[in-house]
Amino acid sequence: MEIAFLGLGAMGSRMAKRVLGAGHAVRVYNRSSEKSRALEAVGARRCASPREAAANAEVVISIVTDDAASRFVWLDDDSGALAALGADAVAVESSTLTSRWVRELALHMDAADRAFLDAPVVGSRPQADAGQLTYVVGGDPTVVNRVRPVLELIAGAVHRVGTHGSGAIAKLVVNGLFGIQVAAVAELLAMAGRNGADPDRLVEILGSMPVTSPAVEGVMGAILSKRFDPLFPIDLVVKDFGYVVAEEEDPRATLPTSEAVRHLFERAAHAGLGGDNIHAVAKLFPIS
């Protein structure tokens, strides 16, 4: 198959390499050309625009930073990919976006009579390298099945969660839940350390309890070892919590926990931690 990737950040570049390694022809576009050149060196075709990348591709996968970047790669008047999608092509939006924008994009795809999936990925760089990401997909199940062989090169699990927009919601729930847990762990470990508990021993004990997920156990260890490599930078966490809060349009409903955690990560970003990994929020809570 011929498959195009729009966006070659930490996730997109790894996903493209997985597909290349399976023997498919891969076309790539990235706003800066350096990452495109790196993939070109291992067999991808580097393209100057999303439209060029999408031309003749059977599956076009976008994984970019935000709603604005997604709008550009699909709909830009001069270079948007939608205008080049073939009649039998499938467009796959794998970015972390608002459901409002995803549903709008789906309407554009419907108007052009093009198949579309709202299919963000869950996981980080190690899972992307191993082909063990998780897809949460919104869209027609027949379209999901058409591209499942491609998605399964990238992910260990593909879950259809509903219609267009539901994939975006599911991804925001995952990221929001993780961010809330990280913030709580950072705050509580610091409180424990300041009040006489041994943080290392506490983390060891918590790791044996069902209240602690493997992800949270990993975060606690990284906080104590002061490893802050940016797998999920705080700047992106702030963006995602902004999207979480924006999803709630019912004036009678509130998201007080998400709002509070959003402000906490904004504080971290303003403190110069935006490029550090999510658990660097712990720097706001000194243990001693």
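This is a predicted model: local features need pLDDT of at least 70, side-chain atom pairs count only at pLDDT 80 or more; totals for chains, interfaces and linings use all residues.
Biologist: How many residues are in the largest nonpolar core?

Modeller: A nonpolar core is a set of buried Ala, Val, Leu, Ile, Met, Phe, Trp, Tyr and Cys residues joined through side-chain atoms within 4.5 Å; buried means under 20% relative accessible area, exposed over 50% and partly exposed in between, with a 1.4 Å probe and protein chains only. Phe5, Met15, Val26, Ile61, Leu133, Tyr135 and Ile154 touch the most other members of the largest core, whose residue count is 33.

Biologist: Which residues does isoleucine 61 contact, leaving aside neighbours within four places in sequence?

Modeller: Contact means heavy atoms within 4.5 Å. Isoleucine 61 is one of the core residues that touch the most other members. Its contacts beyond those neighbours are Ile3, Ala4, Phe5, Leu6, Met15, Val92, Ser94, Val150 and Ile154.

Biologist: Is lysine 239 buried or exposed?

Modeller: Lysine 239 is found in helix H11; helices (H or I, at least four residues) and strands (E, at least two) are DSSP runs, numbered from the N terminus. Its relative accessible area is 17%, so lysine 239 is buried.

Biologist: Which residue's side chain makes a polar contact with the side chain of lysine 239?

Modeller: A polar contact is a pair of N or O atoms within 3.5 Å; within protein, one must be able to donate a hydrogen and the other to accept it, and residues adjacent in sequence count only if both atoms are side-chain atoms. At 2.8 Å, the partner of lysine 239 is aspartate 240.

Biologist: Are H11 and H12 roughly parallel or roughly antiparallel?

Modeller: Axes are lines fitted to C-alpha atoms, for helices over the stretch in contact, and angles run from 0 to 180 degrees between N-to-C directions. The axes of H11 and H12 (residues 256-273) come within 9 Å and cross at roughly 155 degrees. Angles under 35 degrees count as roughly parallel, over 145 as roughly antiparallel, 65 to 115 as roughly perpendicular and the rest as oblique. H11 and H12 are therefore roughly antiparallel.

Biologist: Is asparagine 56 buried or exposed?

Modeller: Asparagine 56 lies in the loop between helix H3 (50-54) and strand E4 (59-62). Its phi is positive, about 75 degrees, although it is not a glycine. With 65% relative accessibility, asparagine 56 counts as exposed.

Terms used: Residues are numbered from 1 along each chain as its sequence is written. Side-chain values use heavy atoms; hydrogens and water are left out.
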